[in-house]
Amino acid sequence: MQTFLHGRDLICDLDFSREEVETVLDVAFDLKRKRALNEPHALLRDKVLAMLFFFSSTRTRGSFEAGISQLGGHAGFIESRTTQISHGDTAKEIGEILGRYYDGLAIRHVEWGKGNKYLNEAAKYSRVPVLNMQCDDYHPFQILADLMTIVEKKGRDLRRKKMVVSWAYAASYQKPMSIPQSLVLQMPRFGLDLVLAHPPEFKLKPQIMEQAQELARKYGTGFEVTDDMDAAMKDADVIYPKSWGAMNTTEDEKVGAEIIKKYESWIMDERRLALAKPDAIYMHPLPADRNIEVTDAVIDGPNSVVYDEAENRLHVQKAVMALTMS
Ligand code: CP
């Protein structure tokens, strides 16, 4: 068990080794148990986390804010538009200065081509851990919560379990591709056989696909890519259909929206759920476009684990904060 994570950043899913992710899961399960028993666990008394948001959030804000408070610390909620960032404070100033006031610096910046660079630049100058609350490339805390949920539902030995990561239609906005990219990087390390399904215009970044394929080879897991959502669902144990934008195909929002419109039939419904194993779990990081991306019958149905998945954001984030900020 690797336990020395003090001072470490978590920006990309692979920043923590497989063994270190195991440690995060162990601590997260312990903290979940402690919270259920109302056992005090003030591991970060008087520590303060800066939470800098360039984009809206329900779960990420709530779970980091509640999590640091439950650990005996405090959160500073900072919306970028209320700062001097638009007047000249660069990522260097944010890393240098907030890194001197706070004990951890969590950032959400999902703008295509900018977010990940911003987090890495802030981390270069920060003396405290930088935690990625989602960028254009990765959403590592969501994927840790997903992994914890899969372990809860399917057991710790996930070898030969089939997980489908599928594109799904959504009309609300062009969502970042950080979640599918993080899933294909993290899940092969834990033994899951992955099937990635998407229409041709919704490819993930080539360098991430190469890394994912290499990891699947290293860990002896399956990794298939298909443009057939129905075929992907067949006999799956874990299904994770969600929308993402066509940013690798076009950076023009209007053209991207027109491409998305072609694939309205990519909805997760009961017919598709029936193609998976009867005890398959349906996952979604939320927010979902109800009855567009997924039907109410699926998201509210017996196979859905979306609320346990959302809850686990709290426990894995507390684990990472306790391990890195103590
Ligand atoms: N899943 C997730 O990151 O939710 P929010 O966008 O509400 O934070």
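Predicted model: local features only at pLDDT ≥ 70, side-chain atom pairs only at ≥ 80, totals over all residues.
Where does proline 287 lie? Proline 287 sits in the loop between strand S9 (281-282) and helix H11 (296-299). Leucine 286 and proline 287 are joined by a cis peptide bond. Omega there is about 5°.

Asparagine 38 belongs to the loop between helix H1 (18-36) and strand S1 (48-53). As background, most residues other than glycine have a negative phi, and most peptide bonds are trans.

Now step back to the domains. The domain assignment of the protein chain gives two entries: domain 1 (13-138 + 313-325) and domain 2 (140-309). The centres of domain 1 and domain 2, taken over C-alpha atoms, are 25 Å apart. Domain 1 brings 30 residues to the contact, and domain 2 brings 33 residues.

How much area do domain 1 and domain 2 bury between them? The figure is about 2900 Å². Of that area, 64% is on carbon and sulfur atoms. On the domain 1 side, Asp13, Leu14 and Trp112 lose the most area to domain 2. Together they account for 25% of what that side buries.

Next come the helix pairs. Start with helix H12 (residues 306-325). Helix H5 (residues 140-154) packs against H12 at an angle of about 115°, with their axes 8 Å apart. That angle makes H5 roughly perpendicular to H12. The crossing of H5 and H12 is right-handed. From H5, the contact uses Phe141, Gln142, Leu144, Ala145, Asp146, Met148, Thr149, Glu152 and Lys153. From H12, it uses Asp308, Glu309, Asn312, Arg313, His315, Val316, Gln317 and Val320. By class, the residues of this H5 and H12 contact are six nonpolar, five polar and six charged.

H12 also packs with helix H2 (residues 59-70). Here the angle is about 50° and the axes are 9 Å apart. H2 is therefore oblique to H12. H2 passes H12 in a right-handed crossing. On the H2 side are Arg59, Thr60, Ser63, Phe64, Ala66, Gly67, Ile68 and Gln70. They meet Ala310, Arg313, Leu314, Gln317, Lys318, Met321 and Met325 in H12. The contact of H2 with H12 has seven nonpolar, five polar and three charged residues.

How far apart are the axes of helix H3 (residues 91-101) and helix H4 (residues 115-125)? They are 7 Å apart, and the packing angle is about 40°. H3 and H4 are therefore oblique to each other. Their crossing is right-handed. H3 supplies Ala91, Lys92, Ile94, Gly95 and Glu96. H4 supplies Tyr118, Glu121, Ala122 and Tyr125. The residues of the H3 and H4 contact divide into five nonpolar, one polar and three charged.

Notes:
Residues numbered from 1 in each chain as written. Heavy atoms only, no water. Axes fitted to C-alpha atoms, helices over the stretch in contact; angles between N-to-C directions. Helix = DSSP H or I, 4+ residues; strand = E, 2+ residues; numbered from the N terminus. Parallel < 35°, antiparallel > 145°, perpendicular 65-115°, else oblique. Left-handed = near helix turned anticlockwise from the far one by under 90°. Contact = heavy atoms within 4.5 Å. Nonpolar A, V, L, I, M, F, W, Y, C, P; charged D, E, K, R; others polar. Domains from an automatic or database assignment. Buried area = accessible area lost by both parts, 1.4 Å probe.
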